[in-house]
Amino acid sequence: MAKGDPGASTRGRRAAPRSRKAVTGDPELVQLLTPAGERIESVTGPDGTVYRVDFTDEEYRGLYRDLVLVRKLDAEATALQRQGELGLWASLLGQEAAQVGSGRALRAQDMAFPTYREHGVLYCRGIDPIMPLGLFRGVDQGGWDPNEFKFNMYTIVIGAQTLHATGYAMGVTMDGKTGGEDGEAVIAYFGDGATSQGDVNEAFVWASVFNAPLVFFCQNNQYAISEPLERQTRVPLYRRAAGFGFPGIRVDGNDVLATYAVTRHALDNARHGQGPSLIEAYTYRMGAHTTSDDPTRYRIASEVEAWQAKDPIARVKAFLEREKIADAGFFAEVDEQARREAVDLRERVLEMPNPEPVTMFDHVYPNGSPLLDQQRAQFSRYLESFEGSAH
């Protein structure tokens with residue numbers, strides 16, 4: 001979809017937006033689209049990197065469509081859980097720009113390692129959004145072919161995917177797949193809470209010393225379940241990268257344009273053999289950590305309201321309206337498409353067949369095993385003991 005090239009000259013189609021320079025050592029966000037929908041032509045980072053995007057009108061509209069569809073599908077999944085159709089759901093509400101911006105920045109050959117919340121990245125990689133719902137409905141293992149989509153399966157263990165990503169990225173280097181424009185890069189997603197985990201810090205060490213082509217993408221949504229950021233770190237998270245020997249940068253995670261530009265630059269550095277980097281996407285989890293969480297117990301309403309004013313979708317809509325790139329008919333058409341896709345998703349979830357209990361043994365080992373066969377037979381006899389009873 002979006003193919004804008006950060007660092008390239010803008011086309012100057014419209015009134016020239018302003019430029020801004022990020023101050024060295026200051027935690028100022030890299031931002032290309034303000035909450036009011038005002039475009040910033042470029043931002044110069046502390047290391048001299050110039051971040052900008054060069055999108056066509058159609059690509060701008062495509063990004064808006066992605067954001068709206070992803071939010072609607074996520075809301076439908078939350079509703080399904082509330083109605084007892086899913087066991088659990090981890091919403092991305094508020095983090096759409098961080099996920100769509102970074103997801104669209106990936107090239108076809110790049111590999112992504114998600115947590116359990118990257119529904120927007122999954123959508124951008126062309127995976128049917130129903131795939132993770134089987135996992136949360138409890139009818140399958142929630143699997144897809146990671147090699148086909150260049151997107152690993154969801155990882156529930158906090159931070160574990162950063163080690164998987166590091167090993168994979170080391171393998172990319174060993175296979176000689178870096179060093180040029182067609183080189184491969186890897187991205188690992190995690191939240192601010194995961195930065196306190198040993199797995200993540202170990203991944204930082206290994207990625208650094210082996211110069212792995214890896215982008216660590218931290219969605220700092222301000223809370224590790226119920227613990228606020230200030231109870232996790234005394235410095236901005238992106239500064240931690242310096243201690244491991246690679247660059248870090250903070251981007252406005254509610255700005256889809258800046259997220260795209262920063263992620264594309266980091267991925268291109270990685271694919272050219274320049275090693276790992278850390279992106280801190282500064283955003284906010286508008287909903288609960290998962291549907292089993294009650295965020296009203298640990299944060300106040302005024303904080304949520306302040307972040308609502310920075311809504312990632314509202315600012316893109318304001319920009320499209322300001323620049324007359326889209327009209328009311330386009331916005332209505334996108335809303336209708338989102339509604340249809342949400343209805344389709346719901347219907348397909350409700351039609352998911354319940355698996356036979358013994359199928360849990362089917363894919364433990366590719367060729368089975370005598371012990372597994374024994375366990376299957378024992379479990380089958382146990383199930384048969386209920387036949388004809390009231391149980």
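What distance separates the centres of domain 1 and domain 2, taken over C-alpha atoms? The separation is 40 Å. This figure comes from a predicted model, as do the other values in this report.

**Overall build**

The protein is divided into domain 1, which covers residues 29–350, and domain 2, which covers residues 360–391. Its secondary structure consists of 13 helices and ten strands. The radius of gyration is 22 Å, close to the 21 Å that the globule rule gives for 391 residues, so the protein is as compact as a globular protein of that length. Taken along the principal axes, the C-alpha atoms fill a box of roughly 75 × 50 × 40 Å.

**A pair of helices**

Helix α1 spans residues 57–82, and helix α12 spans residues 328–350. Their axes come within 9 Å and cross at roughly 35 degrees. The contact of α1 with α12 has 14 nonpolar residues, nine charged residues and one polar residue. The crossing of these two helices is right-handed.

**The largest pocket**

The largest pocket has a volume of about 400 Å³. It is lined by 23 residues, and the closest to its centre are Asp47, Tyr51, Pro247, Gly248 and Ile249. Three elements each supply at least two residues of this lining: strand β9 (248–252), helix α9 (256–271) and strand β10 (277–282). The largest share comes from α9, which gives four residues. Sorted by class, the lining of the largest pocket holds twelve nonpolar, seven polar and four charged residues.

**The cavities**

How many cavities of 30 Å³ or more are there? The count comes to two.

The largest cavity holds about 110 Å³ of space. Of the 13 residues that line it, Leu73, Asp74, Trp89, His119 and Pro129 are the closest to its centre. Eleven of the lining residues of the largest cavity are nonpolar, one is polar and one is charged.

The second largest cavity holds about 40 Å³ of space. Its lining is made up of Gly94, Asn254, Tyr284, Met286, Trp307, Lys310, Asp311 and Pro312. By class, that lining has four nonpolar, two polar and two charged residues.

**The spaces side by side**

The table sets out the volume of each space and the classes of its lining residues.

| Space | Volume | Lining by class |
|---|---|---|
| Largest pocket | about 400 Å³ | twelve nonpolar, seven polar, four charged residues |
| Largest cavity | about 110 Å³ | eleven nonpolar, one polar, one charged residues |
| Second largest cavity | about 40 Å³ | four nonpolar, two polar, two charged residues |

Terms used. Residues numbered from 1 in each chain as written. Predicted model: local features only at pLDDT ≥ 70, side-chain atom pairs only at ≥ 80, totals over all residues. Heavy atoms only, no water. 1 Å grid on protein atoms, 1.4 Å probe; cavity = no way out; pocket = protein on both sides within 12 Å on 5 of 7 lines; lining within 4 Å. Points joined across faces, edges and corners; volume = space filled by probe spheres on them. Nonpolar A, V, L, I, M, F, W, Y, C, P; charged D, E, K, R; others polar. Axes fitted to C-alpha atoms, helices over the stretch in contact; angles between N-to-C directions. Left-handed = near helix turned anticlockwise from the far one by under 90°. Domains from an automatic or database assignment. Rg over C-alpha atoms; globule rule 2.2 N^0.38 Å.
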